[in-house]
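Please open the structure in your viewer and keep the selection tool at hand. The stops below are meant to be taken in order.

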Amino acid sequence: MSRFYVTTAIPYVNAKPHIGFALELVQADVIARYQQIKLGEDNVYFLTGADENSLKNVQAAEKEGKSTSNYVAEMSDRFRTLTKILNISNNDFICTTEQRHIKGAVKLWQTCNPEDIYKKFYSGLYCVGCEQYYTQEELVEGKCPEHKTKLELVTEENYFFKLSNYQRKLEELIDSDQLQIIPQSRKNEMLAFIRDGLEDFSISRSRQRARGWGVPVPGDDSQVMYVWFDALSNYLNALDFYIEGELYKKFWVGESYKLHVIGKGITRFHCIYWPAMLLSAGLPLPNKIFVHGYVTVDGQKISKSLGNTVDPFELVNKYGAEAVRYYLLREIPAYDDGDFSEQKFLQRYESDLANSLGNTFSRVTNMIERFGQGKFNQAENINAYTSGTAKAIEYHLRNFQFDKALLAVFNLLAEIDVEIDQTKPWVMARTGQIADIQLLLDKWGTMLLDVAWYLKPFMPETAIKMEKFLRQNKITKSQPLFPRLNN
RNA sequence: CGCGGGGUGGAGAAGUGGCAUCUCGCCUGGCUCAUAACCAGGAGAUCGCGGGUUCAAGUCCCGCCCCCGCAACCA
């Protein structure tokens, strides 16, 4: 593996970004930064973006009394700003109303095996209020669960994709991990879904039902693409798929490891529909799909009606990007839902960032100033004291267990604290054991440089701050890295 | 009988037959280099419930209760 392509999902922009998408950005960013260090920045491409074509966006714009195009541009910008304030290292941010995307989506449609796309009448129970079809099971007393109105039986001719052609192939790819799905529980879920029998799915809507918003089907202006068909192709389109540009050659068809980071709600689209579309078009598949859970707030699902949404902008303003990144990575488990609460956040901040990391850094730099004349000698062997940590991080990141990787780093800080307590340099100073103290300072200084190095993908600003400080000619006691919050 | 995952001190988790572990919080003591930080010790768990196998069960088997995903054209 010499090149690495990592993507987040592109959220539809019918509302402000919430803490859940911040989680996905931060997780993908750690992977991207880790690979940037390993492979070099030129060999990593990190994409995120926004889905502007969803019908939900049209409905949201209407509610706000704005034109759809103005509305989505404005909302996409907020998502773009979120990547900035969280210090996300993405190379690109794609919006699905851009020409490169539209042309790419059309090209993918045209590249699919023509036998896989066919026209068929679809009829279903349609709610005018929701502008969507419901299945019989979703109804409440035979009525729309949202509007409690009776549904109309609507029939429409759409294009369909012959997913059934790929049932066996998909099962084999997923079962054998050629298309690896992490965690295992999601993989099992997808295999069960496939084995249950795949039905063809519709990949277009009438222009009228789509309100004229979306990517027109090539050669048929009466239809626009089903939003998922065009949305998924963003992963190709950002690489200039429509002209098969350099990036496309380098990061999709070339020898490149391709990873999608997604939330659990869209597993099927990424693990089944998307690979099937690529198979039909004869294009390479992604290697790996990591499915994370959702962020709950105070133990409850995020919901607008409950009013418990957490605004990542406010959080970053108040506590800084580094602390928010740390919380999301450390507190939210890799494979399940995790909880956000202000109380837990403050607790993490105090115990991990202020006490463990910040305080240990302060006490060591202070001792270097006091007992070592502001100097320490870095060990010549890389990872002289921490080789196990590097391996642990590598292992945990391969499985996206960011919490465990961080725990491995923080264990080093505990090691330093214990050794300081055992050796008591301030006592040694009284008995004039200056040379012995220096050896300890050399070790601890080296270990803190290692900690900084390991933290780079997780908390890049903090890592740089620590490094700069430790590489001064004459080290003085540092200002707190993470000051206490109250009093 | 749709498919799958889970229930372990106050919270979150680890633990595939052999002394119940880790992180946070709580209590006590110690230390004074440090951001009231740090170190040591401690309290706190009938391992969802009932039965079974075994010298030995959180772990294996059977039954029950509860929670959470998925269950196809909203994204």
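Colour chain A by pLDDT: its mean is 89, and 96% of its residues reach 70 or more. For the complex, the predictor gives an ipTM of 0.86 and a pTM of 0.93. Where pLDDT is low, the predicted coordinates should not be read in detail.

Begin with α1, residues 19-39. With 21 residues at 1.5 Å a residue, α1 should span 30 Å, and the distance between its end C-alpha atoms, 30 Å, agrees with that expectation. Step past the end of the helix to Gly40, which follows α1 and has a positive phi, near 95°.

Next, select the lining of the largest cavity, a set made up of Leu23, Gln27, Leu328, Leu329, Ile332, Pro333, Ala334, Phe400, Gln401, Phe402 and Asp403. Two or more residues of this lining come from each of α1, α12 (321-331) and α15 (402-423). Coloured by residue class, the lining of this cavity shows eight nonpolar residues, two polar ones and one charged. The space inside the largest cavity is about 30 Å³, and a search of the whole structure finds one cavity of 30 Å³ or more.

Move on to the second largest pocket, whose volume is about 420 Å³. Of the 20 residues that line this pocket, centre the view on Ile382, Asn383, Asp450, Trp453 and Tyr454, which lie nearest its centre. The helices α1, α14 (387-398) and α17 each supply at least two residues of the lining of the second largest pocket. Which helix gives the most to that lining? The answer is α17, with five residues. Colouring the lining of the second largest pocket by class divides it into eleven nonpolar, four polar and five charged residues.

Finish by selecting the whole of α17, residues 434-455. At 1.5 Å a residue, the 22 residues of α17 should span 32 Å, and the 31 Å between its end C-alpha atoms agrees with this. Is α17 largely enclosed or largely open? Because 16 of its 22 residues are buried, α17 is largely enclosed by the rest of the structure.

Conventions
Residues are numbered from 1 along each chain as its sequence is written. Chains are lettered from A and ligands numbered from 1 in the order in which they are written. This is a predicted model: local features need pLDDT of at least 70, side-chain atom pairs count only at pLDDT 80 or more; totals for chains, interfaces and linings use all residues. Side-chain values use heavy atoms; hydrogens and water are left out. Helices (H or I, at least four residues) and strands (E, at least two) are DSSP runs, numbered from the N terminus. The expected span of a helix is 1.5 Å times one less than its number of residues. Buried means under 20% relative accessible area, exposed over 50%, partly exposed in between (1.4 Å probe, protein chains only). On a 1 Å grid over the protein atoms alone, a cavity is a set of points where a 1.4 Å probe fits but cannot get out, and a pocket is an open set with protein on both sides within 12 Å along at least five of seven lines; lining residues have an atom within 4 Å of a point. Grid points are joined across faces, edges and corners, and a volume is the space filled by probe spheres set on the points. Ala, Val, Leu, Ile, Met, Phe, Trp, Tyr, Cys and Pro count as nonpolar, Asp, Glu, Lys and Arg as charged, and the others, Gly among them, as polar. pLDDT is the predictor's confidence in each residue, from 0 to 100.
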